[in-house]
Structure formats: structure tokens, C-alpha cells
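Have the model open while you read.

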Amino acid sequence: MSDTDRVETILRAAYTCFTRHGVRRTTMDDLAREAGMSRPAVYQYVRNKEDVFRRLVQHLLDGALAASRAAVTDRTDLPARLAGALESKLDMVAGVWRDSPAHAAELLAIDARLTADLLSAYDEAMTGLLADAVSRDHPRTDAGEIAHLLLALTRGLEADLTDPETPRRRLHLGVTLIVSGLQAADSAKDQLS
């Protein structure tokens, strides 16, 4: 097994343990046991529980961002591209709630001391991705502001994931309304020109 495979095994074990017991209650012994490794073997790949948590958060964010990039690339119309990109973010959060209703709030209220830089980089990448998608179809709009608005909409929808289909439906409605507004603004600008 390669070092990369061992780290993946540790991250899968961490996700299982953190969703089962919460971050605070999970010990390195729990992680090692779940990974099927000795504790000293785990320490060959990670420094401590905080390191595992950071790596897991990075892994989840990377996965969501890759899915968002694929959605923006694979879909044809702007509402579908934007909704697809934002669904990936929503799905990541919904997955944590689904896998750990008892500990999701703890897992998602990620310790800013540990992961603020990761979340900031993710938000910056998502803002850029969304802004690029908007500016391709609406070059005369402030695409960065629209991207921030779309991210704020998605964060608001993440507040209640008791019925996973409701936020998804509302996301599509919100994206459709925003894109319709962009189209109306472009038409008004064209009429004034």
C-alpha cells in the first residue's frame, strides 16, 4: 500500500470516527483502530488529530470544488452551470448532516483556528469559478458580486437540511431568478445603447 493510500485510509477512518463520535470525543486510538493501523503507524502520516481534521476538511473541500468545476464545464446553459456548481457545495454539507445528525453542527462549525485558511481559499476559488461562469454570458455585469450573492444564497440554504430536496429546489429557483434578473438588466442596457 502506498503512502497516498494510507493517508486516504486514515482520512476515511477520521470521517467515520468524527461523524460517529464527534471531533472532540474522537481519539487517535479511535482513528488508528478504524484505519486498521497501529497508533505509531498513523503518526507516520499525520502529526495529531488536528492535522487529520485539517486534511479531512481539505479533502472534502477539494472534492466539492472538483465537482463544482465539472458542473461548470459539463453543463450548457448558465442556470444549470451555476446550480450544478452550488449543488456540489450543498451536497458536501448535506452529506455531513446525513452521515452525522448528532455531530454535524460540531463538524460544520469548523474551528476557525484550524481551518480558516482552507475555507477562505475554497470560498475564493468558488467565487472565481462562479464569476467566470457569469461573466462568459453576461460580460457587462459585476460577476464577482453575483458570485458572492450566489454563495450567500447557498449558505442560507445550508441552515436547514432536514429535507434534502427543499434546499436543492430553492437553490434552482434562486439561481433561475438571479439569471433572469441578469438577462433583464442586459436587455435594459441594450435598449439604452
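Which residues of α2 are buried? They are Met28, Asp30, Leu31, Ala32 and Ala35. These buried residues pack against α1 (3–21), α3 (39–43) and α4 (49–74). Just after α2 comes Gly36, which takes a positive phi of about 70°.

Keep in mind that this is a predicted model. The mean pLDDT of the chain is 93, and 97% of its residues reach 70 or more. Among the elements of the chain, these two mark the ends of the range:

| Helix | Residues | Mean pLDDT |
|---|---|---|
| α2 (highest) | 28–35 | 98 |
| α6 (lowest) | 104–108 | 79 |

Now for how α1 and α2 meet. Their axes come within 8 Å and cross at roughly 125°. The crossing of α1 and α2 is right-handed. On the α1 side, the contact is made by Thr9, Ile10, Ala13, Ala14, Thr16, Cys17, Phe18, Arg20 and His21. From α2 come Asp30, Leu31, Glu34 and Ala35. Of these, Asp30, Leu31 and Ala35 are also on the buried list for α2.

Last up is α5, covering residues 78–99. This helix has 22 residues and reaches 31 Å from its first C-alpha to its last, close to the 32 Å expected at 1.5 Å a residue. Helix α5 is mostly covered, with 16 of its 22 residues buried.

Terms used
Residues are numbered from 1 along each chain as its sequence is written. This is a predicted model: local features need pLDDT of at least 70, side-chain atom pairs count only at pLDDT 80 or more; totals for chains, interfaces and linings use all residues. Side-chain values use heavy atoms; hydrogens and water are left out. pLDDT is the predictor's confidence in each residue, from 0 to 100. Helices (H or I, at least four residues) and strands (E, at least two) are DSSP runs, numbered from the N terminus. Buried means under 20% relative accessible area, exposed over 50%, partly exposed in between (1.4 Å probe, protein chains only). Contact means heavy atoms within 4.5 Å. The expected span of a helix is 1.5 Å times one less than its number of residues. Axes are lines fitted to C-alpha atoms, for helices over the stretch in contact, and angles run from 0 to 180 degrees between N-to-C directions. A crossing is left-handed if the near helix is turned anticlockwise from the far one by less than a right angle, and right-handed if clockwise.
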